[in-house]
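Hi there,

Here is the structure I promised to pass along. Have a look, and below it you will find my notes on what turned up.

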Amino acid sequence: MVATSALAAEYDRQYLTWIRRQGPEALDLDWRLQHLLWRQRVLLRRYSPRSKQVLDYGCMDGIFTIRLQQLGGTAHGYDVSPAAIAQAEKFRGECSGPRFSTVPPTPRQFDIVYCNEVLEHIPDDCSFTGELTRFLVPGGVLVGTVPMGRAFWDPDHKRAYDEASLHRALAPWGSVAIRRYYRTRLRNFLPLNLRGAAVFLFEVRPLSLPDAR
């Protein structure tokens, strides 16, 4: 996605509003890393970045991207918000990585593309998924999360997902796996759909590329 100036300004506004609401901890790198979002920790348990070229698409201010680098990945963070990317570069400091940019990377670079809670913001989520798969090398995998139902609802969300609607958006681009995860870990061992904060974790392996497993 190439950001227009209006889109960049809107996401700058949303990011700066979020920072103000979070308080001083939002600009404390160590605190943010220690309090990584629970659904990001789920992704890291299932999809290790170690020794891989990885893209954090929609990285905001780069906390998850920095964690990918710390865990042994060669990480690149992309976001449409210049304000968020500027803060990501401040968090990174003098370290050589991760790389951050408001310019989308070129295709066919990455073993894993991580896309955390972005699809629900995109008007055409199916076409967008196709754009994401084009960043993958042969054998690569697209992974990410979306809120389940109206969990974490935001006025910028374009839809609330159930498993069927998420599968429809992803399926044209490869072999799809979708898993449900709740914030309360005990609920993940129960076969029932329950109330409470939850996400769908998704995986797309393009059919035109060799299976990486």
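Predicted model: local features only at pLDDT ≥ 70, side-chain atom pairs only at ≥ 80, totals over all residues.

Gly77 sits opposite Phe100, a residue of strand S3. Strand S2 (residues 74-78) and S3 run parallel and are joined by three bridges.

Now for the sheet as a whole. Seven strands make up an open sheet with mixed pairing, and their order is S3-S2-S1-S4-S5-S7-S6. At the edges are strand S3 (99-101) and strand S6 (175-182), each of which pairs on one side only. From one strand to the next, the twist averages 15°.

Two helices pack on this sheet. H4 touches S1, S2, S3 and strand S4 (110-116), and the direction of H4 makes about 170° with that of S2. Helix H6 (residues 125-133) touches S1, S4, strand S5 (136-147) and strand S7 (198-205); here the angle is about 140°, taken between the directions of H6 and S5.

Which residues of helix H4 (residues 63-70) are buried? They are Ile63, Phe64, Thr65, Ile66 and Leu68. After H4 comes Gly72, which has a positive phi, near 100°.

Tyr57 counts as buried because its relative accessibility is 4%, and the cut-off for buried is under 20%. Between Tyr57 and His76 there are 8.4 Å in space, C-alpha to C-alpha, while the two are 19 residues apart in sequence.

Happy browsing!

Notes: Residues numbered from 1 in each chain as written. Heavy atoms only, no water. Buried < 20%, exposed > 50% of the residue type's maximum accessible area, 1.4 Å probe, protein only. Helix = DSSP H or I, 4+ residues; strand = E, 2+ residues; numbered from the N terminus. Pairing = 2+ DSSP bridges. Axes fitted to C-alpha atoms, helices over the stretch in contact; angles between N-to-C directions. Contact = heavy atoms within 4.5 Å.
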